[in-house]
Amino acid sequence: MHRFIVHICLLILLSAALHGVSAQDSLVFIVRVDDIQSRNAVIQPRSIIPFQNAVAQRGGKVTWAVIPHRLIESLYANGILAQELRASMAAGHEISMHGYNHICTRCSQSGHEMYCVSQSYGFSLSQQKKLIADGLKILSDTLQVVPTSFVPPGHYCDTVTFQALLDYQFPYLSVTRPTKSYVYKNLYNLSPDNEFTWQLTAQDYQTKLASAIQHVMTKGVSQGYYCLLLHDPFIRDGYEN
């Protein structure tokens, strides 16, 4: 797999019409979509292709943060999701591992897994390594891929998580910790930034779009990149146009 910092980056020249900057200005984007394919079967179309095509038409690549267990759940027994992800990798897009199941084994809640935030409980090294090992096996069996980057569900993790990742030779992490730096030994972190899609409606789209663009430009310039985070429901074709 390509390295996390360079090859999952979406390089976009931001248009002068939208951003009021000169044509030679550019900003490095990471476009990351977490929780690939919702467990909500009502959301249609159940495909990553519309979003992927929208990004590819602008010269970019997508980082799919894949929950491994989704690939073996009944909703995806037809194998179409796995087929689409394999084709996506062949087209130069990238897979990042997003936990194992995205459900905490201690409190059974979604939204965290490597650390139980509802009970402030840290799992042991062996427990966390099992989650990682089980997830890696599914990704290997279904997608024939060994990812090099890891996104903890909910961004909840601890130093035990970091050690478990190093034990499985993960060099890169994306978590809400100090960014563009080694967060633990030789584990390098590139943190995510905002997700704007949940904030937008048809009524306030233009107002919030202008604010979002300003935030992207300001923070992107200050940290040298911008990780635009999205979640599965927003791969729908034509979401809010």
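The dialogue that follows sets computed values against the cut-offs behind such terms.

Mentor: Please keep in mind that this is a predicted model. The protein has seven helices and 11 strands, and buried residues make up 48% of its 241 residues.

Trainee: What makes S120 buried or exposed?

Mentor: The cut-off for exposed is over 50%. The relative accessible area of S120 is 56%, so S120 is exposed. Its place is the loop between β5 (115-116) and β6 (121-122).

Trainee: What is the phi of S120?

Mentor: S120 has a positive phi of about 50 degrees, although it is not a glycine. Most residues other than glycine have a negative phi. D35 is also a residue other than glycine with a positive phi, near 55 degrees. D35 sits in the loop between β2 and α3 (49-56).

Trainee: How do you know whether D35 is buried or exposed?

Mentor: Its relative accessibility is 15%, and the limit for buried is under 20%. D35 therefore counts as buried.

Trainee: How many disulfides are there, and how do you know?

Mentor: A disulfide is a covalent bond between the sulfur atoms of two cysteines. The rule asks for cysteine sulfur atoms within 2.5 Å, and by this rule the count is zero. C104 is in no disulfide, and the nearest cysteine sulfur, that of C116, is 3.7 Å away. For C116, the closest cysteine sulfur is in C104, and 3.7 Å is too far for a bond.

Trainee: Are C104 and C116 buried or exposed?

Mentor: C104 has 2% relative accessibility, so C104 counts as buried. C116 has 0% relative accessibility and therefore counts as buried.

Trainee: How do you know that the length of α7 agrees with that of a helix?

Mentor: Helix α7 covers residues 205-223, which is 19 residues. At 1.5 Å a residue, α7 should span 27 Å, and its end C-alpha atoms are 26 Å apart, so the two agree. After α7 comes G224, whose phi is positive, near 85 degrees.

Trainee: Which residues of α7 are buried, and why are they said to line one face?

Mentor: The buried residues of α7 are A212, I213, V216, M217, G220 and Q223. Seen down the axis of α7, these buried residues fall within an arc of 155 degrees, so they line one face of the helix. An α-helix has 3.6 residues a turn, so residues three or four places apart point the same way. The face of α7 turned away from the buried side carries the exposed residues T207, Q214, V221 and S222.

Trainee: Which residues touch the most other members of the largest nonpolar core?

Mentor: Of its 45 residues, W64, L71, L85, I132 and L143 do. Helix α5, residues 125-143, gives the most to this core, with six residues. Not counting residues up to four places away in sequence, L71 touches V66, Y76, L81, A82, L85, I138, L139, T142 and L143. In soluble globular proteins, nonpolar side chains tend to be buried together.

Notes
Residues are numbered from 1 along each chain as its sequence is written. This is a predicted model: local features need pLDDT of at least 70, side-chain atom pairs count only at pLDDT 80 or more; totals for chains, interfaces and linings use all residues. Side-chain values use heavy atoms; hydrogens and water are left out. Helices (H or I, at least four residues) and strands (E, at least two) are DSSP runs, numbered from the N terminus. The expected span of a helix is 1.5 Å times one less than its number of residues. Buried means under 20% relative accessible area, exposed over 50%, partly exposed in between (1.4 Å probe, protein chains only). The arc is that of the directions from the helix axis to the C-beta atoms. A nonpolar core is a set of buried Ala, Val, Leu, Ile, Met, Phe, Trp, Tyr and Cys residues joined through side-chain atoms within 4.5 Å. Contact means heavy atoms within 4.5 Å.
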